[in-house]
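Q: I have this one open and want to go through it piece by piece. Can we start with the charged pairs?

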Amino acid sequence: MVPIIFTGVFVAVLIALWIRSRKPRLPYPPSPPAHPILGHLKTLPREYDEDAYRTMADKYGGIMHFNILGKSIVILNSEKVANDLLDKRSAIYSDRPPLPFHQMTGLANTLTFLPYGNEFSKTRKMIQEQLTRKKCTLFEDVQLTQRNVLLQNLWTSPADFASHAKQFSSAVVLEMTYGHKIVPGDRFLKNAEVLDKMIADAGGAGLVILDFFPILRHLPAWFPGAWFTQFAQRIRPLVEELKEYGVAVVENNVSSGKAQVSFSSLHLEELDSEKRKSKEELERLKWAAFTLWTGKALYRYVLGPLVEIAFFLLPAGSETTWSAIEAFFLAMVLHPDVQRKAQKELDTVLGHGELPGFEDRDNLPYLNCVVQEVLRWTPVIPLGKLSFLLIHVISSDVITGLLNKVFHIALCKMTSMKGCSFRKAQWHMLTREDVYHKPFTFLPERFLSKPDGFGEPLPSVVFGFGRRICPGRWLAQSEMWIAIASILSVFDIKPIQNNQGEDVLPPPEFHVSLTSHPKPFQCRVLPRSDKAKTVLRQL
Ligand code: HEM
């Protein structure tokens, strides 16, 4: 009897599988024609090419599908589609792809790369709690102190404006996270640099093999060819030290009553007062702080021509803000009319050459629009080359039936694909002619309400979507605001001049990989007046 039942079940399963395989397959979302083996590998632009993506988006619509060596990638070109999926259905669209090398080195514990689940929710809550719009005001003093340093640096060596912007954003995040001020020869920086250099020296190109064959991560270090295991073993202690060191310093300061208010000190005090300071909570805090400071450690591979590898430490909270401030300098050189208008508003509201404080923010509508236009004009994370980072991955495949009723049939196909990755083409969303009037022009008044402006939507998509939306977005905007408002109150940003005294405008070109930076350019940063010089002298 038992063998008959088994045989029956076996045959039933086979029939079910056969019927399933005969079911007509739902189509993928639209995509260009693909090579039978390489998929769309050759179709994708070799370099980041906005026009090529735009042409494809115009042709294939709000959602496009690419198959790269068997990996499915969906690109979302429309804010509405991105909201429908990544926001409204964020419970399933919030995973990140598995990154074997990050797992081997411990870097996968940073929030940016944590898979969606319990640990993600707890770590995310920890970070978000201290970075809400309201709580960010706790870190205003840090930003004002660093703003003063930025202005002094710009006065002393204006040609280095890009590195001053970098120092400003790194210093704010470091001090906000650990209450630590950057000093020359700083151990915080040194540790991060050592790790960065080690990774850069190792090249890393071969690491891509781990993503295609993740099982290899289990090979022991002695196994011939398992150089990546040895490499991971060398990096892991450094990552560990970076993660431990910052919070250890703050713990000491808290217990001696000397701690400056910071993300870590606030959490440590809360854990103490609520008697929740378990090893687990402490570990979570260390990773959360590490995420903010050096946490976006990116092992990035790009399948453009075939494989381009870069591996670097991208501080979650500084590289992004730094790129945005650099872009602001470029926008001001290219748009003197905007600069004059913003300065006129500052002079009217504050008095000429006076430095702004956060309390002035609501009284400077045009300046606020300049900050938003910088974010829209050149989104810091625009889409970049097609990398497998910062994408949203589907974590569940049980919803096909439900979504079938609601969505375009092609999407249903995608939703049945656990692990399929979704990238948001922020750049495309922010330059759509049906949303933005003259989208390629730097036009801050587009955000003013009618009739003063065009009443166009703020570029909130630059911060991502759903449960993965950037938790540092309020801090980022506040940092950008204070830097931009202060620079414009005391400095004029002008093009360089040639021997004939003519202005030489830099081309508006950007280096785009995962993030976008203006290509190196020169400009003059000059105190606006004697009054401005006096203010600068007093800082
Ligand atoms: C102009 C500045 C910034 C921009 C444009 C920006 C943009 C983004 C974007 C697009 C993402 C990915 C969102 C997604 O997957 O949908 C992200 C993630 C993240 N950002 Fe930002 N960011 C900025 C500044 C900051 C700052 C100042 C901090 C912290 C102090 C920060 C912390 C993070 C973290 C921790 C994540 C990972 C979140 C997660 O995976 O759950 N960012 N950011």
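Q: Which side chain does E456 meet in a salt bridge?
A: The partner of E456 is R446, with an N to O distance of 2.7 Å. A salt bridge here is a side-chain nitrogen of Lys or Arg within 4 Å of a carboxyl oxygen of Asp or Glu.

Q: Where do E456 and R446 lie?
A: E456 and R446 each lie in the loop between α18 and α19, so the pair ties together parts that are ten residues apart in sequence. Helices (H or I, at least four residues) and strands (E, at least two) are DSSP runs, numbered from the N terminus.

Q: Are E456 and R446 buried or exposed?
A: Both are buried. Buried means under 20% relative accessible area, exposed over 50%, and partly exposed in between (1.4 Å probe, protein chains only).

Q: What kind of model is this, and how are residues numbered?
A: This is a predicted model, where local features need pLDDT of at least 70, side-chain atom pairs count only at pLDDT 80 or more, and totals for chains, interfaces and linings use all residues. Residues are numbered from 1 along each chain as its sequence is written, and side-chain values use heavy atoms, with hydrogens and water left out.

Q: How many salt bridges are there by this rule?
A: The count is 24. One of them joins the side chains of E119 and R284 at 2.8 Å, N to O. That pair links distant parts of the chain, with E119 in helix α5 (residues 118-130) and R284 in helix α12 (residues 279-295), 165 residues apart.

Q: How exposed are E119 and R284?
A: E119 counts as partly exposed because its relative accessibility is 35%. R284 is buried, at 3%.

Q: Which residues are linked with E119 and R284 in a network of salt bridges?
A: The network also takes in E270, E274, R276, E280 and E281.

Q: Changing topic, which residues of α20 are buried?
A: In α20 (residues 530-537), A532, V535 and L536 are buried. Seen down the helix axis, the buried residues fall within an arc of 100°, so they line one face of α20. The arc is that of the directions from the helix axis to the C-beta atoms.

Q: What do the buried residues of α20 pack against?
A: They pack against α6 (140-156), α19, β7 (491-494) and β12 (524-527). Packing is judged by contact, meaning heavy atoms within 4.5 Å.

Q: Which exposed residues does the face turned away carry?
A: D530 and R537 are the exposed residues there.

Q: And R528, where is that?
A: R528 is in the loop between β12 and α20. R528 counts as buried because its relative accessibility is 19%.

Q: What is R528 in contact with, leaving aside neighbours within four places in sequence?
A: The contacts of R528 include Q343, D347, H352, L488 and D492.

Q: What does UniProt say about C470?
A: The unreviewed UniProt entry has a "binding site" annotation covering C470. UniProt positions are given in the numbering used here, feature names are shortened, and annotations may be inferred rather than shown by experiment. C470 is partly exposed, with a relative accessible area of 27%, and touches R124 and F463, not counting residues up to four places away in sequence.
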